[in-house]
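Trainee: Please take a close look at one helix pairing in this model. Then carry on to the other local features worth checking.

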Amino acid sequence: MTNERTSNDQVYLAALAGLLHDVGKFAQRADWQRGKHTEVGAEFVRQYVPEQWREHLYPVMGHHDKPLQGRDTKVVALADRLSASERESTPVSQERQLVSILSLVGDAKQPKFWPLSPLALSKDAIFPGEAAPTQNEAVAYEQLWSGFVEMVQSLPSNDLPAYLEGLYYAMQKYTWCIPGAYYRSVPDVSLYDHSRTTAALAACFVGLDEAALDDLLRDSGQKTDVALLVGGDLSGVQDFIYTITAKGAAKGLRGRSFYLELLIEAVARYLLRRLKLPITNLLYTGGGHFYLLAPLDAQDKLDEIRADVSGKLLAHHSGDLYLALGQTPVTAADFDRERFGKKWRGVSEAMNKAKRQRFAELDADLLAEKIFGPLGQGGDEKRECQVCHYEGADVEIEREGDEEQERRICRLCQSLEELGTDLRDADYLLLGEVEPEETERAGYAKALRTFGMAVGFTAEDGRAILRLKDDVRRATLLATRDLEGNAREMADRISRQRGYPVAPGVRYTVNVTPHKGDNIATFEDLKTVSRGVKRLGVLRMDVDDLGDLLKWGMEGNATLSRVASFNFALSLFFEGWVGELCRWVNDAGTDKVYAIYSGGDDLFIVGAWDELPGLANTIRQNLKLFAAGRSDVHISGGLTLHGGKYPLYQAAHDAEDALGVAKDLVRPDEREHKKDAFNFLDLTIPWENFDSIREEQEQLVRLVTPKEKDGLGVDRALLRVLLKLYTRFTDAVRERGKPYWGPLMWQGAYTLKRMEGRCKDKEAKAEIKRIRESLKQEQFSYIETLGPAARWAELLIRKEQE
């Protein structure tokens, strides 16, 4: 069924044709030219694609010909057909705007639309709403097209892989928000997602002989294997990030987290290079996972690659990190929208199986030496890193003789702290392709280079924070957030200075670090700037029932492009928008928030504890808006407070436990509405109650704040009374299973009435009366709002010595 494996250029040119096969639709909507979209697309190729590749791009014009002309055209036509088999037909033409994939989840009645705007971190650009009026739509398409053409003209024209990657990011920036099809099709898959999956499939089909292509084109519903869906899952992540001591934890924590993002990227790109595949075949990477589409003949190579990757990880991480690699074959018929969901489940099961057999693909003697044999220096304390507890010859003593600052640290931990420091001012990430090097455990840069990736960082003003070496073949410059500067101009500048092609793009990354002077603020610094009690807050949040959202929310529509669109949307929120929310907190005053990780569908943030409840609620509210108000899309959170030198790994586990408790919430009167809650102060608060609790907390703080500090001067005993009443109420409910009228109520009313009578300030007196009256309603149940509010207020006004 296959020819001998073809050259790299043929694969990349097929992907290029696939990526551009529908560019004519984009041009038509912008009124760039009239005519069939295939003819308009061909004109785009003639005007804007570098001359040396134009002759290979006839499929852009010919993929709808009858009959199809040439093998290359058939490759793209088959890829387009299978990618488009996901489309859901409708009897009428739809809006020319893209429906938000999240707005179709679950109980959706009315779809919402992404704004027709270039990709940018602003509510106007990425939050869905109503369809734009026709006249605004026309202008928006013209502006998108103009920006796209300008970016395409700036791409490196002397290197096909760099050009293809630059075009990929241009498509992402300008076509993420426009539908791939809308004429009698539900417009819920973007042109970007349809084009990149078509490109991925075309790259997979280059090796098929013409007879096989003809056969599949005659009957694209055949149960013939045509590709492989490959998934990778990096395990050991939690322990790697959090199991470190307090010595350098603040500097090293962000470095460790970001290193794992770089590592999964490096491994994914390593697989692409080993399989001779372009960037378009990487369907998703983030949250320690990746998925890619590969040709059938990759099956023979994946076992070798799996062992190779495991060996490299073992050399640099001594078994702490492992890549679970799994794959499942995909038939032509599987691309149908009602069938592809089984393929996602199949690759997940394959990865889970690999996790249960860590390193089983390696030679038994190597496993005996590296994992099951004696490790380290035989208990030599001087060779043990005080950060990660690794024992080895590369452990050095820093600041020897300084009682407060002396520590032993390995080269890897040292380099991860340096990475955390470099990230502080990094605005651009530079990923360089180099020849893979085999090295033993050293710094993070050596670990990445073993997979053929070098990393550099550049500030917005062009200052090199970490410069790439001269052995780079090509590079990708990724802006980590929206910047005033032009990424295209920065890429061109670096290319001219260093002599290798550089593709520009955007990869949003939550890179929010608190400063103290010129340094990263320590955890002790964050405790110190906390309001009230001096504690470090640790916040973890996670989207509820994500698997069910995919399984049930798409109702048999979990196709290749739809799942890619779903993942892209979540990444846009967690890797992009969450960073903006954190940045706004720090920009509003003292740096108080340290975003350790946000990606996939979860996040981990530490900071001054008093800022984190409000931030958590803001994230929850923004996710609801981002998901077009869908009741099925919600997030739970857990926030814990820590003082002294509490171990970071234990704080992380405590916050994870708090998150788990929040996810256990079942509302007595709404048993179907589970989770969607926040565990804070050892209390689980349904999110719908959070605002009222916060409002009462703010009013209680004002009540008990002295008058000379603009408060009402009520005795703090009010808080103790409310806390005692709350404790008695919850104990009674726990014993009886429901609220009941008893001594608690009249005793509480009596105590509050006496406090009211002693109050001389009219406003304070009225406020205590309001509190007392509120407790008369619904069998004293408003204490479930006042109790948590009082506990929160008490921490905000408490001095450390109390």
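Mentor: Start with the contact between α9 and α10. From α9, Tyr168, Met171, Gln172 and Thr175 take part; they meet Leu191, Tyr192, Ser195 and Arg196 of α10. By class, that contact has 4 nonpolar, 3 polar and 1 charged residues. The model is predicted. Helix α9 covers residues 160–175 and helix α10 covers residues 191–205; their axes come within 8 Å and cross at roughly 155°. The crossing angle therefore makes α9 roughly antiparallel to α10, as angles over 145 degrees count as such.

The buried residues of α3 pack against α9, and against α1 (8–20), α2 (23–29), α4 (51–54), α5 (59–62) and α8 (134–153). Helix α3 spans residues 37–48. It is mostly covered, with 9 of its 12 residues buried. Those are His37, Thr38, Val40, Gly41, Ala42, Glu43, Phe44, Val45 and Tyr48.

Now take α26, residues 717–736. Its 20 residues should span 28 Å at 1.5 Å a residue; the end C-alpha atoms sit 29 Å apart, which agrees. Buried here are Leu718, Leu719, Val721, Leu722, Leu725, Tyr726, Phe729 and Ala732. They cover an arc of only 155° around the axis, so they lie on the same side of α26. The face turned away from that buried side carries Arg720, Lys724, Arg734 and Glu735, which are exposed. What covers the buried residues? The cover includes β21 (683–686), α25 (687–704), α27 (743–758), α28 (762–774) and α29 (783–797). Just after α26 comes Gly737, with a positive phi of about 85°.

Positive phi also turns up in residues other than glycine. His389 has phi near 70°. It is placed in the loop between α16 (364–372) and β5 (396–398). Ala628 has phi near 60°. Its loop runs between α23 (612–626) and β17 (635–642). Is Ala628 buried or exposed? Ala628 is buried, because its relative accessible area is 14%, and buried means under 20%.

Methods
Residues are numbered from 1 along each chain as its sequence is written. This is a predicted model: local features need pLDDT of at least 70, side-chain atom pairs count only at pLDDT 80 or more; totals for chains, interfaces and linings use all residues. Side-chain values use heavy atoms; hydrogens and water are left out. Axes are lines fitted to C-alpha atoms, for helices over the stretch in contact, and angles run from 0 to 180 degrees between N-to-C directions. Helices (H or I, at least four residues) and strands (E, at least two) are DSSP runs, numbered from the N terminus. Angles under 35 degrees count as roughly parallel, over 145 as roughly antiparallel, 65 to 115 as roughly perpendicular and the rest as oblique. Contact means heavy atoms within 4.5 Å. Ala, Val, Leu, Ile, Met, Phe, Trp, Tyr, Cys and Pro count as nonpolar, Asp, Glu, Lys and Arg as charged, and the others, Gly among them, as polar. The expected span of a helix is 1.5 Å times one less than its number of residues. Buried means under 20% relative accessible area, exposed over 50%, partly exposed in between (1.4 Å probe, protein chains only). The arc is that of the directions from the helix axis to the C-beta atoms.
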